[in-house]
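Open your viewer and keep the selection tool ready. This tour goes stop by stop.

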Amino acid sequence: MGSFPVETFQPLDPDVFVKESQAVVDFIANYYRDIERYPVRSQVEPGYLSKRVPDQAPIFPQPVHTILDDIRDDIFPGLTHWQSPNFYAYFQANASTAGFLGEMLCSGLNIVGFNWIASPVATELESIVMDWMGKMLKLPSSFLFSGGQGGGGVLHGSTCEAVVCTLAAARDSALSKIGSDGITKLVVYASDQTHSTVQKASKLVGIPPSNFRAIPTSAASDYALTPDSVRSSMEADIAKGLVPLYLCATIGTTAIGAVDPLLDLGKVANEYGVWFHIDAAYAGSSGICPEFRHYFDGVELADSFSLNPHKWFLTNMDCCCLWVKSPSSLVDSLCSNPEYLRNKASDAKMVVDYKDWQIALSRRFRAMKLWVVIRRYGMANLMEHIRSDVAMAKHFERLVAMDRRFEVVVPRKFALVCFRLKPRFQGDDASKLNRRLLEAVNSSGQAFMTRAVVAGMFVLRFAIGATLTEMRHVEATWKLIQAKADGLLLNGSSDKSFFL
Ligand code: PLP
């Protein structure tokens, strides 16, 4: 009595697999159908979940429908609905059917292709897909396997990993010249708009935090890094006996979408012999459209370039493309060759072993996902996806400009609009007012935006990119923002968030 049926336990029975995965697919499809019913930003208080779920793991199995019921009742309230059409926060994680199918295949095959022999097609498909992507973006052939100049691409999970790996490669190559004691002299350059991931990565590879330069930008350069400011920062460091190591430029910064001038920065980087990385995590996907490709001018001067298809390329989390001109510098820094991984193809250096291009040993079959997305949609639809988001952002920008109480703080970049309520009189605390406006919108549950500070101004970021967003959502959200502004400006006391 009560004994567990161990002898019949088959966790990968194909018939059960069909039945249960069908239940999950139906569940997710209903979720997408009903998604507008849920508050976009979760409204729970910290610690809510421990009051709802048992504090012990079950001993006996539970049916899938019970688990799905609990997900709806207990997990959903704690979800911020990133796939909601009214999600305008951060940068999106835009899901798609093809992205999901690719993820399912990746997960269903569940191989671990750390080196070529561990599953040859995983490496070979990844190299092919990275070349496909590189050609779609018109990257120089020096970044492609097919370019025959030693370059190539790899899939990571995040930009942070890509930056850590390229920084490690740059560090080791510099230390081989100046000696390992020289690590305290190495300096990393970026702008005050660069994503914090670069500063974190510098710390992770042992660069002293005091050797990270967040070079100030201003409205005069549209918040882009200027080559002169980089040059003078490098000169000042050299005068102190320090060694410039790495410069990161961005296409589409996180706060406002600023674009650094790659060509001019690349010339400075090349002149000082520093590793030049381009972070295009969000906006890089737009490079497949000819009208955005000019932002990439100068990419040929870079040592490495990365972008996240999981942000704006209909590829479900997670997926970061990294191209390097000299993968051998990555391999020199990241290679490990224990006996148990040795094999003829690797020993003969006939193959790429991606374990030496990344941090971890194990790796997912992400190439399958990206390959399915590109094949299923084709460049035509992928371009249309980018263009329709940009068109909606343009429309939103026009709506903001038409309301005299508001201002667009920096001109729209890609599908990102930064705006605020203008100060109403001299000395008005516009930051406080805009903070309240943001909270009023987000706590309504009808839309979710995030914030940035630009030249000391608190601004609201309206980033379009969720796959389900249509013009009607953008227009309804603008009406919501206006209504919340009315509440604050006319009879603020009736709006609860006024007192927050
Ligand atoms: N770079 C930029 C420009 C970003 O916008 C982001 C995240 O939004 C990142 C890097 C960080 O990316 P990841 O989370 O993949 O490390």
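Predicted model: local features only at pLDDT ≥ 70, side-chain atom pairs only at ≥ 80, totals over all residues.

Residues are numbered from 1 along each chain as its sequence is written, and side-chain values use heavy atoms, with hydrogens and water left out.

**Domains.** Colour 14-81 as domain 1, 112-364 as domain 2 and 376-492 as domain 3. These bounds come from an automatic or database domain assignment. The C-alpha centres of domain 1 and domain 2 are 38 Å apart.

Select residues 186-191, strand E2, and residues 212-215, strand E3. Helices (H or I, at least four residues) and strands (E, at least two) are DSSP runs, numbered from the N terminus. E2 and E3 run parallel, joined by 4 bridges; strands pair if DSSP finds at least two bridges between them. Click Tyr189: its bridge partner in E3 is Arg213. Now follow the chain from E2 through helix H6 (residues 196-204) to E3, a right-handed β-α-β crossover. With the strands pointing away from you, the path from the first strand over the helix to the second runs clockwise in a right-handed crossover.

**The largest pocket.** Select His195, Thr254, Ala281, Asn308 and Lys311, which lie nearest the centre of the largest pocket. Its lining has 21 residues. A pocket is an open set of points on a 1 Å grid over the protein atoms alone, where a 1.4 Å probe fits, with protein on both sides within 12 Å along at least five of seven lines; lining residues have an atom within 4 Å of a point. The volume is about 390 Å³, taken as the space filled by probe spheres set on the points.

**Backbone details.** Go to the loop between H9 and strand E7 (320-324), where Asp318 lies. The peptide bond from Met317 to Asp318 is cis, with omega near -5 degrees. Leu314 is in the loop between H9 and E7. Its phi is positive, about 60 degrees, although Leu314 is not a glycine.

Is Leu314 buried or exposed? Leu314 counts as buried, at 7% relative accessibility. Buried means under 20% relative accessible area, exposed over 50%, and partly exposed in between (1.4 Å probe, protein chains only).

Finish at Tyr90, in the loop between helix H2 (64-75) and helix H3 (97-109). Tyr90 has a positive phi, near 40 degrees. Tyr90 is partly exposed, with a relative accessible area of 40%.
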